[in-house]
Amino acid sequence: CVLGSLVQAKDQPLAIGQATPDFPMKTVTGKTVKLRDLASDKQSNSSGITVLTFWCSFCGSCRHVEQPLSRLATKYQGKVAIMAVDSSVGESGKDVAAFLKEKNLTMPVMMDAKGRVADLFGAKMTTTTVIIDADGKLRYFGQFKHGQTNLVEDALNAVLTGKKPSHNKTTESG
């Protein structure tokens, strides 16, 4: 699915290696959470690394990544903050929570109804994923997976070991 863009022509999305600003998002229950809070909560994110995958409940391409995303969030729970970001207009937190329950998805979802987070990174399609390292720098932007290859987990493992991902930017596909 294509994400609506609010980016003005003068605004440039973040580039690989750039520091990400601290920005707020809302949980499906309406609680405001800032990026830095997600990164610095050592109980739920001991590495300080954050993974955001743009997703929505009505997108066909999202059906291909939501179970792997949910499993990835469970696998790295406590070590990395991994979540979906719903940047679609018109979805409510209540509807998304019901969808998650229906599909037995356990990954956290942040709501970004105005698309500001998507615009910040230049994400134009759902399933686009970004990895932000413990220093707050963008280390990966692109596809969640390609075929059976989980590009995000490969990139995440590189970032966790202090290495540069072999592919730190891939073409969006959603």
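Trainee: What makes cysteine 59 count as buried?

Mentor: Cysteine 59 has a relative accessible area of 0%. Buried means under 20%, exposed means over 50%, and partly exposed is in between, using a 1.4 Å probe and protein chains only. So 0% puts cysteine 59 in the buried class. Before we go on: this is a predicted model, where local features need pLDDT of at least 70 and side-chain atom pairs count only at pLDDT 80 or more, while totals for chains, interfaces and linings use all residues. Residues are numbered from 1 along each chain as its sequence is written, and side-chain values use heavy atoms, leaving out hydrogens and water.

Trainee: Got it. And is cysteine 56 buried or exposed?

Mentor: Buried, because its relative accessibility is 2%.

Trainee: On to the rings. How many aromatic pairs turn up in the whole structure?

Mentor: Two. Rings of Phe, Tyr and Trp (its six-membered ring) pair if their centres lie within 6.5 Å; planes under 30 degrees apart are stacked, over 60 edge-to-face, and the rest tilted.

Trainee: Why is the pair of phenylalanine 23 and phenylalanine 121 called edge-to-face?

Mentor: Their centres are 6.1 Å apart, so they pair, and their planes stand at 80 degrees, so the pair is edge-to-face. Phenylalanine 23 sits in the segment before strand 1 and phenylalanine 121 in helix 4 (residues 116–121), so the pair ties together parts that are 98 residues apart in sequence.

Trainee: What kind of pair do tryptophan 55 and phenylalanine 99 form?

Mentor: A tilted one, with 5.9 Å centre to centre and 55 degrees between the planes. Tryptophan 55 is in the loop between strand 3 and helix 2, and phenylalanine 99 is in helix 3 (residues 93–103), 44 residues away. Tryptophan 55 is buried at 0%, and phenylalanine 99 is buried at 12%.

Trainee: You keep saying "strand" and "helix". How do you know where those are?

Mentor: They are DSSP runs, numbered from the N terminus: helices are H or I with at least four residues, strands are E with at least two.

Trainee: Then what makes strand 3 largely enclosed?

Mentor: Strand 3 covers residues 50–54, and five of the five are buried, so the rest of the structure largely encloses it. Thr50, Leu52 and Phe54 point one way, while Val51 and Thr53 point the other way.

Trainee: Which way do strand 3 and strand 4 run relative to each other, and how do you know they pair?

Mentor: They run parallel, over five bridges. Two strands pair if DSSP finds at least two bridges between them, so five bridges is enough. For instance, valine 51 has isoleucine 82 as its bridge partner in strand 4. Strand 3 also pairs with strand 6 (residues 129–132), antiparallel, over four bridges.

Trainee: And what about strand 1 and strand 5?

Mentor: Two bridges join them in the antiparallel sense, with lysine 26 opposite methionine 111.

Trainee: What order do the strands take in the sheet?

Mentor: The open sheet of seven strands goes 2-1-5-4-3-6-7, with mixed pairing. Strand 2 (32–34) and strand 7 (138–142) each have a single partner strand, so one side of each is left without a neighbour in the sheet.
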